[in-house]
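Let's walk through this structure together, from the overall layout down to single residues. Please keep the 3D view open as you read.

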Amino acid sequence: MFKRKSTLQVSFLILLLMAGSLAFAFQPYLRNRFLSPPFGEYTFDVADNEGNKIAQGKIIVTVFAHNAMQGRWQLHFFKNNHPSFAHRSNETSASAFAGEVRGNEVKIHLNLNMADANDVLEGELENSAMRGEFLFCGFAGCAAIGKFEAVRK
């Protein structure tokens with residue numbers, strides 16, 4: 001009797017752990033399923049102007065009201081020699097962001113409170129994806145240094 005009860009308890013514990021790990025794996029899907037864009041979690045890729053993949057990460061839009069949005073981002077830059085990205089080679093960055101949506105146009109400032117040396121995503125929101133240019137902006141203006149694509153999970 002004791003052995004049967006402990007076997008049942010262990011089996012139940014294993015089943016509970018498996019269900020928990022599956023729920024964790026599907027969490028972005030379940031969270032995004034009930035949120036309308038631009039809310040949700042996006043996988044995020046950056047390529048240079050020649051199409052070489054430079055970075056990969058995620059954007060999570062948590063607040064969207066009156067055309068303004070906020071959230072968090074994380075981006076890992078791959079090892080590269082591109083002049084605009086070489087100083088970030090093999091580096092991971094993360095922070096909060098602020099942006100705006102006007103119609104289907106989206107603009108996201110990745111480096112809050114930076115008047116100079118700001119990374120900006122500027123593009124279009126199409127269904128469950130954002131695509132456009134990765135800009136480096138300073139006092140002299142903005143320069144397109146690559147392309148980005150963010151697709152909702």
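What follows starts with confidence and layout, then turns to the strands, the core and a few individual residues.

This is a predicted model, in which local features need pLDDT of at least 70 and side-chain atom pairs count only at pLDDT 80 or more, while totals for chains, interfaces and linings use all residues. Residues are numbered from 1 along each chain as its sequence is written, and side-chain values use heavy atoms, with hydrogens and water left out.

Let's begin with confidence, given as pLDDT (the predictor's confidence in each residue, from 0 to 100). The protein chain has an average pLDDT of 79, and 74% of its residues score at least 70. Strand 5 (residues 105–109) has the highest confidence, at 92, whereas helix 2 (residues 27–33) has the lowest, at a mean of 47. Across residues 22–32 the pLDDT falls below 50, and this stretch makes seven contacts in the model beyond near neighbours in sequence; a contact means heavy atoms within 4.5 Å. Where pLDDT is low, the predicted coordinates should not be read in detail.

Now for the layout. The protein chain holds two helices and eight strands, in the order α-α-β-β-β-β-β-β-β-β along the sequence. Here helices (H or I, at least four residues) and strands (E, at least two) are DSSP runs, numbered from the N terminus. Of the contacts between residues at least 6 apart in sequence, 36% join residues at least 24 apart.

How do the strands pair? Two strands count as paired if DSSP finds at least two bridges between them. Strand 1 and strand 2 are antiparallel and share eight bridges, with Ala 47 opposite Lys 53 of strand 2. These two strands form a hairpin with five residues between them, where Gly 51 in the turn has a positive phi of about 95°. Strand 1 also runs antiparallel to strand 8, through six bridges; there, Val 46 has Phe 148 as its bridge partner in strand 8.

Leu 121 is partnered by Phe 134 in strand 7. Two residues lie between the strands of this hairpin, and Asn 127 takes a positive phi near 55°.

A disulfide (a pair of cysteine sulfur atoms within 2.5 Å) joins Cys 137 to Cys 142, with an S to S distance of 2.0 Å. The link of Cys 137 and Cys 142 is right-handed, with 110° about the S-S bond. Cys 137 counts as buried, at 10% relative accessibility. Buried means under 20% relative accessible area, exposed over 50% and partly exposed in between (1.4 Å probe, protein chains only).

What lies inside? Buried residues account for 31% of the 153 residues in the protein chain. A nonpolar core is a set of buried Ala, Val, Leu, Ile, Met, Phe, Trp, Tyr and Cys residues joined through side-chain atoms within 4.5 Å. The largest nonpolar core has 23 residues, of which Phe 44, Ile 59, Leu 75, Phe 97, Ile 108, Leu 121 and Met 130 touch the most other members. At least two residues of this core come from each of strand 1, strand 2, strand 3 (68–77), strand 4 (91–102), strand 5, strand 6, strand 7 and strand 8. In soluble globular proteins, nonpolar side chains tend to be buried together. Leaving aside residues up to four places away in sequence, Ile 59 touches several residues, among them Phe 44, Trp 73, Phe 97 and Leu 121.

Strand 1 is largely enclosed by the rest of the structure, because six of its eight residues are buried. Glu 41 lies in this strand and is buried, with a relative accessible area of 5%. The side chain of Glu 41 makes a polar contact with the side chain of Lys 153, at 3.0 Å. A polar contact is a pair of N or O atoms within 3.5 Å; within protein, one must be able to donate a hydrogen and the other to accept it, and residues adjacent in sequence count only if both atoms are side-chain atoms.
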